[in-house]
Amino acid sequence: MLKPFLFQSALAGLLVLTTATAWANDLTPQTREQLKAIKAHALNDDLSYQIIESLTTEVGPRMVGTPGEKASVKWAMQKMKSLGFDKVWKEESEATLWQRGELKASITQPYKQKIKALALGNSVGTNGKAVTAEVIEFENLDALKAASAGDIKGKIAFVSYKMARHRDGHGYGQAVGARVVGASEAARKGAVAFVMRSVGTDTNRFAHTGVQIYQDGVDKIPAIAISNPDADLLASMLTRNKPVTFSLTLSDTGTQNQTTTIANVIGEVTGSKYPDQVVTLGAHLDSWDVGTGAVDDGIGVGITLAAGHYLSELETRPERTLRVILFAAEEIGLHGAKDYVAKHQDEMDKHVIGAEWDFGNGKIYELEPGVGQQSLADIKAFAKMLVPMGVTLANSNDATGQSDMSELGKAGQPAVNFNPDGSDYFDFHHTENDTLDKVDREALKVNTAIYSMFALFATDSTTDFRQ
Ligand SMILES: [Zn+2]
């Protein structure tokens with residue numbers, strides 16, 4: 001529940017004391033009090049959860065090109081307005097449409113068994129026929145790349161690499177390459193289909209989808225991910241010294257290369273003194289189609305909108321503008337973020353600093369900056385405020401921003417990454433199991449408090465984070 005009146009009363013006296021001077025190296029007592037007040041408010045509130053509940057209940061899956069995605073744009077604009085953002089707008093562009101076909105997969109030799117699988121994003125279908133062929137296994141993408149065409153031609157290439165579980169999620173980076181380029185690598189050597197173990201850390205009998213990208217000039221072959229238990233099963237069959245055949249039928253995946261309109265939804269809490277200087281918070285609005293996109297990236301939507309709302313409630317507005325950007329089409333290749341940078345080229349130098357949330361439901365344990373050497377002292381001073389919340393400052397200073405925000409980082413925007421415990425994120429990432437119940441409500445409160453504190457710190461600072 002919101003208690004805007006109490007919140008404003010508690011903060012009003014403190015905020016009028018804010019001065020325009022930079023917060024050099026240590027925060028002033030007033031700033032510390034303001035940050036403590038917004039923290040206490042967020043920790044005692046449930047707004048970010050209510051936003052995620054609303055998005056997953058009233059909209060649900062939001063894959064690019066689906067009615068759910070269109071509905072999410074309307075939902076986001078209405079939500080931002082109702083939460084007190086001063087300006088709300090959308091910026092449209094085009095992306096290539098892909099529709100999921102119906103998939104049936106099974107092992108047909110030497111022992112018949114049905115397999116749980118999902119097509120990877122952009123996969124072509126099988127033209128109404130079953131593709132059935134002998135399976136050849138590769139332990140990872142490198143092994144597939146090193147294999148000779150003679151061994152693969154006419155077969156189904158199976159990459160069995162199992163993603164490792166780590167707190168920082170780096171196992172994903174080691175596994176995802178096969179998903180993105182595996183199909184084309186296999187097709188280049190004459191494979192008729194590409195099958196991979198899901199990029200996921202769970203033992204559930206469902207698959208993890210995700211984007212794969214065909215390389216130009218290479219045949220497009222069907223590409224699917226199978227569940228972890230089914231990958232184990234297939235690997236076991238392959239130890240029997242008998243040919244193993246696999247069959248898949250994937251119905252029409254829609255007109256190829258058809259474009260669809262996508263939209264970034266943007267809301268601002270206007271700064272009182274430097275409205276053209278923007279601090280950005282980002283998340284992506286699109287999701288995969290199989291779950292409800294509660295964690296990926298409903299949580300990011302909830303956290304960033306709640307932070308914007310808390311800033312909009314302050315009686316004395318911060319000096320800089322807070323811009324919350326809900327990016328379109330992240331899942332199929334950061335299209336919304338790329339479009340944003342193209343459209344805002346002229347004001348990129350006014351993008352003061354940014355942070356995205358697109359990494360799971362765990363509690364933040366680390367602040368990783370990516371700012372100029374001089375302003376690092378300010379980040380350090382801010383980071384001290386997060387120590388009681390279990391957050392440490394990383395030794396590095398080269399963050400460019402998570403997912404979408406990395407595109408703005410490449411265009412020169414300083415960034416901070418707030419790194420959460422991602423140990424279980426890849427248990428449900430891109431699956432039918434990405435649903436509201438996976439949201440850790442206590443961690444969410446703490447993370448929302450941290451983003452709200454960061455938003456207030458950066459918008460009410462005059463620090464040049466490029467310096
Ligand atoms: Zn995401």
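Modeller: Start with Leu436. Its relative accessible area is 18%, so Leu436 is buried (under 20% relative accessible area; exposed is over 50%, partly exposed in between, with a 1.4 Å probe and protein chains only). This is a predicted model, where local features need pLDDT of at least 70, side-chain atom pairs count only at pLDDT 80 or more, and totals for chains, interfaces and linings use all residues. Residues are numbered from 1 along each chain as its sequence is written, and side-chain values use heavy atoms, leaving out hydrogens and water.

Leu436 sits in the loop between α13 (425-428) and α14. Helices (H or I, at least four residues) and strands (E, at least two) are DSSP runs, numbered from the N terminus. Setting aside residues up to four places away in sequence, Leu436 touches Tyr49, Ile52, Glu53, Thr56, Thr292 and Ala294. Contact means heavy atoms within 4.5 Å. Lys153 is 283 residues from Leu436 in sequence, and their C-alpha atoms are 44 Å apart.

Now follow α14. Helix α14 (residues 441-459) packs against helix α11 (residues 376-384) at an angle of about 140 degrees, with axes 11 Å apart. That makes α11 oblique to α14 (under 35 degrees is roughly parallel, over 145 roughly antiparallel, 65 to 115 roughly perpendicular, the rest oblique). Axes are lines fitted to C-alpha atoms, for helices over the stretch in contact, and angles run from 0 to 180 degrees between N-to-C directions. From α11, Asp378, Ile379 and Phe382 meet Ile450, Met453, Phe454 and Phe457 of α14.

Next, the zinc ion. Its protein donors are His284 (NE2), Asp296 (OD), Asp358 (OD) and Asp358 (OD), at 1.9 to 2.7 Å. Donors are N, O and S atoms within 2.8 Å of the metal (3.2 Å for Na, K and Ca); water is not among the atoms, so sites may look incomplete. Along the chain, the donors follow the spacing H-x11-D-x61-D. His284 belongs to strand β11 (residues 274-284) and Asp296 to helix α9 (residues 294-313), so the pair ties together parts twelve residues apart in sequence. Both His284 and Asp296 are buried.

One more loop residue is Met63, between α3 (47-58) and α4 (67-82). Met63 counts as buried because its relative accessibility is 6%. Beyond residues up to four places away in sequence, its contacts are Glu69, Trp98, Gln99, Arg100, Ser287, Trp288 and Asp289.
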